[in-house]
Amino acid sequence: MGGRKLALLVGINYPGTKAELKGCYNDVDRMRRCLIDRFGFDEADIRVLTDADRSAPQPTGANIRRALARLVGDARPGDFLFFHYSGHGTRLPAETGQNDDTGYDECIVPCDMNLITDQDFRELVQKVPEGCLFTIVSDSCHSGGLLDSAKEQIGNSTRQNKTQSREPDERPHSGSGSGFRSFLKETARDLLESEGIHIPHSRHGGDDEDDAYAQPTGDGHTKNRSLPLSTLIEMLKEQTGKDDIDVGSIRMTLFNIFGDDASPKIKKFMKVMLGKFHQGESGEHGSGGGVLGMVGALAQEFLKAKLEGNEEEAFKPALDQEVHSVDEVYAGTKAWAPNNGILISGCQTNQTSADATTPQGVSFGALSNAIQTILEGKHGKVTNKDLVMKARELLSKQGYTQQPGLYCSDEHVHVAFIC
């Protein structure tokens, strides 16, 4: 078929950290060989970013964003674009302090913790030229909603997201309510999981409906590719030397560390929070609990400290953002569905993806391994739907609970995988 074939492959093992994985380099290496041998990619048109060699360009948030922007920016109608990500995923809870901001931002986790959000991906796919197809494979946790608003063809993340939304008084950082209990339980489970202690998870009903985790298989070792919020906070504390980071100031901390290199959504968030802070100081919100009720204690202290210097300079990356309404920065905000992007996710938004090591010491992501196994077993055309259905079947046979998903427009369901 005509058109160029361009790819970016990212594999992050986070060596020497609390977040260390084993299989991401292998995933990327196998996919690179597959793109060349099966799909006819030119080696020069495949960019690879891993944290294996510290002297090479690292898969930081800024470097991944730049590489993705270049991938899309170089594209012409008729081209095939491919992005493979193997690494941690995480979910950021809401931090605006607004009662109706109750969702999560699903993110991938670059090696420097400079998170890339689902909305960042949506905005990227919007820039793909008409007649150009962009396929994304995300072998990470909570990846079912990564391509924000894309139509769910195989999976049940959309239904889960609807059932997960909490009542306003059940916010994770509120004083009481089932939402707070659920948040505490999730945090405790995160801590145990990060220490390698597996807690059985119910797959049915109640608070446990969002607790479906990939399971160990055979005699090897399996770790999940979910970066617990507690570990993310701990790693940000180590990175900054500050001990006052918690839910409520994660986005502000990311802005403080990365500035203009931070996620566009986080920069927009900062612009909104700065506006709220000034409104609170001037008393524009009347008797609504003051600035503490609007922004939160941690955020207030952060903003006060930043405002001691030159406000325009300190907040320039945020002030330069265009924000039309507060709800644009709400966690999990949805917009129109991109029609030229295809996402194949390792699991649903409420699940984790497995990072497995065999008794022989071979490591891989469960989804990445399933994709390679399926492609190696069939030489003809494999459609996006075929690939995801066969991957679900194979992973289930191997004992995993994670369920890969397919997110794209109707016209791309039966299109050949990648090209």
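Student: Which residues have the most contacts inside the largest nonpolar core?
Tutor: Keep in mind that this is a predicted model. The largest nonpolar core holds 62 residues, and the ones with the most contacts inside it are Leu81, Phe83, Phe134, Leu232, Ile250 and Met270.
Student: And where does the largest share of this core come from?
Tutor: From helix α8, residues 264-281, which supplies seven residues. Domain 1 (5-155 + 335-408) and domain 2 (230-282 + 289-329) both give residues to this core, so the core lies between them.
Student: What is Met270 in contact with, leaving aside neighbours within four places in sequence?
Tutor: Met252, Phe255, Phe302, Leu303, Phe315 and Ala318. There is also a second, separate core of 37 residues, with Ala7, Leu35, Ala370 and Leu395 among them.
Student: Switching to rings: how many aromatic pairs are there?
Tutor: Four aromatic pairs. One of them is Phe39 with Phe417, edge-to-face at 6.0 Å centre to centre and 75° between the planes. Phe39 is in the loop between α1 (24-37) and β2 (46-50), while Phe417 is in the segment after β13 (405-407), 378 residues apart.
Student: Are those two buried or exposed?
Tutor: Phe39 and Phe417 are both buried. Phe417 also pairs edge-to-face with Phe82, at 6.1 Å and 90°. Phe82 lies in strand β3 (residues 80-86) and Phe417 in the segment after β13, so this pair ties together parts 335 residues apart in sequence.
Student: Nice. And which ring does Arg91 lie over?
Tutor: Arg91 lies over the face of Tyr104, 4.2 Å from the ring centre. Likewise, the charged end of Arg251 sits over the ring of Phe269, at 5.6 Å from its centre.

Methods
Residues numbered from 1 in each chain as written. Predicted model: local features only at pLDDT ≥ 70, side-chain atom pairs only at ≥ 80, totals over all residues. Heavy atoms only, no water. Core = buried A, V, L, I, M, F, W, Y, C linked by side-chain atoms within 4.5 Å. Buried < 20%, exposed > 50% of the residue type's maximum accessible area, 1.4 Å probe, protein only. Helix = DSSP H or I, 4+ residues; strand = E, 2+ residues; numbered from the N terminus. Domains from an automatic or database assignment. Contact = heavy atoms within 4.5 Å. Phe/Tyr/Trp six-rings, centres within 6.5 Å; stacked < 30°, edge-to-face > 60°. Lys NZ or Arg CZ within 6 Å of the ring centre and 35° of its normal.
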